[in-house]
Amino acid sequence: MKLTASIGSLILAMLPLVACAEPVRISDQNAPFVYEVKAEIPTPKESLAKMISADYRRAPDEFTAHELFEKIAPVIDKRITEAKATKEWNVVIGGQLAQYDFNKKGFPTGFSETTFIPYDNGYALMFSNAAGFGLLPVEMANAKRLSGMLQRNRSCSIIVEGTVVGSKEEDLNYSSRKVIVLEISRLTIKLQDGTEVGAVTK
């Protein structure tokens with residue numbers, strides 16, 4: 001499984017943004033509101049309104065836009081409040097399981113300090129402690145049991161769980177983005193059929 005600085009193959013399921021005990025998936029739809037959780041300089045609500053309402057973006061005049069904004073503003077407030085109440089987040093990244101490292105006794109994940117996931121509207125996700133999750137430790141005997149499945153298909157999913165610890169603006173691949181910073185608490189890798197390769201926690 002080879003990951004580059006910008007992870008190209010993503011599986012981003014669209015789940016509603018609600019406060020709950022289970023981790024909430026970060027998606028194109030909720031990333032702008034997750035960013036606001038730790039933003040030192042809040043994004044203008046008018047900018048957020050353009051992201052969530054096509055009618056507002058295409059308003060024929062300022063009066064129509066103003067009327068629409070008055071209806072949209074409470075929705076924005078609600079989504080930001082929900083994001084702030086959510087403690088655990090996750091993201092699922094699709095890829096190919098890397099070759100087993102016999103010296104380090106595990107599967108490389110490809111995670112590094114420069115790893116990021118791009119989202120719509122100029123947002124991105126990075127990890128504050130990605131360097132500590134560059135390897136998924138798996139005993140060789142357990143890894144060898146997966147040999148038959150890996151011969152057929154090495155497609156896998158990396159499920160990353162954690163908490164939002166920061167928001168910042170940064171240039172990534174020559175493009176300015178609003179970056180959500182996630183501190184990883186758990187990383188799990190599963191094969192395409194759901195078989196768990198292993199998991200590592202902070």
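Helices here are DSSP runs of H or I, at least four residues long, numbered from the N terminus. By that count Glu-82 sits in helix α4. The model is a predicted one. Its chain comes to six helices and 10 strands. Of the 202 residues in the chain, 44% are buried. Among contacts between residues at least 6 apart in sequence, 68% join residues at least 24 apart.

**Helix α4**

- Helix α4 runs over residues 62–85, which makes 24 residues. At 1.5 Å a residue the helix should span 34 Å, and its end C-alpha atoms are 34 Å apart, so the two values agree.
- A kink of about 30° lies at Glu-70.
- At the start of α4, Asp-61 places a side-chain oxygen within 2.9 Å of the backbone nitrogen of Phe-63.
- The buried residues of α4 are Ala-65, Phe-69, Ile-72, Ala-73, Ile-76, Ile-80, Glu-82 and Ala-83.
- An α-helix has 3.6 residues a turn, so residues three or four places apart point the same way.

**Glu-82, a buried acidic residue**

- Is Glu-82 buried or exposed? Glu-82 has a relative accessible area of 16%, so it counts as buried under the 20% cut-off.
- Which side chain makes a polar contact with the side chain of Glu-82? The partner is Lys-78, at 2.7 Å.

**Ser-155 in strand β8**

- Ser-155 belongs to strand β8, residues 155–172.
- With a relative accessible area of 17%, Ser-155 is buried, because the value falls under 20%.
- Leaving aside residues up to four places away in sequence, Ser-155 touches Gly-95, Gln-96, Lys-190, Leu-191 and Gln-192.

**The largest pocket**

- Rolling a probe the size of a water molecule over the atoms shows where empty space is left.
- The largest pocket has a volume of about 200 Å³.
- Helices α5 (140–144) and α6 (147–152) are the elements that give two or more residues to its lining.
- The lining consists of Gln-99, Tyr-100, Phe-102, Phe-107, Met-140, Ala-143, Lys-144, Ser-147, Leu-150, Gln-151 and Arg-154.

**The loop between β3 and β4**

- Phe-102, one of the pocket-lining residues, is found in the loop between β3 and β4 (106–108).
- Phe-102 has 53% relative accessibility, so it counts as exposed, the cut-off being over 50%.
- How far apart in space are Phe-102 and Glu-139? Their C-alpha atoms are 9.5 Å apart, although 37 residues separate them in sequence.
- Lys-105 lies in the loop between β3 and β4 too. At 39% relative accessibility Lys-105 counts as partly exposed, because the value falls between 20% and 50%.

**Positive phi values**

- Most residues other than glycine have a negative phi.
- Lys-105 has a positive phi, near 60°, and is not a glycine.
- Asn-173 also has a positive phi, near 55°, in a residue other than glycine. Asn-173 is placed in the loop between β8 and β9 (175–191).

Technical notes
Residues are numbered from 1 along each chain as its sequence is written. This is a predicted model: local features need pLDDT of at least 70, side-chain atom pairs count only at pLDDT 80 or more; totals for chains, interfaces and linings use all residues. Side-chain values use heavy atoms; hydrogens and water are left out. The expected span of a helix is 1.5 Å times one less than its number of residues. The bend at a residue is the angle between axes fitted to the seven residues ending there and the seven starting there. Buried means under 20% relative accessible area, exposed over 50%, partly exposed in between (1.4 Å probe, protein chains only). A polar contact is a pair of N or O atoms within 3.5 Å; within protein, one must be able to donate a hydrogen and the other to accept it, and residues adjacent in sequence count only if both atoms are side-chain atoms. Contact means heavy atoms within 4.5 Å. On a 1 Å grid over the protein atoms alone, a cavity is a set of points where a 1.4 Å probe fits but cannot get out, and a pocket is an open set with protein on both sides within 12 Å along at least five of seven lines; lining residues have an atom within 4 Å of a point. Grid points are joined across faces, edges and corners, and a volume is the space filled by probe spheres set on the points.
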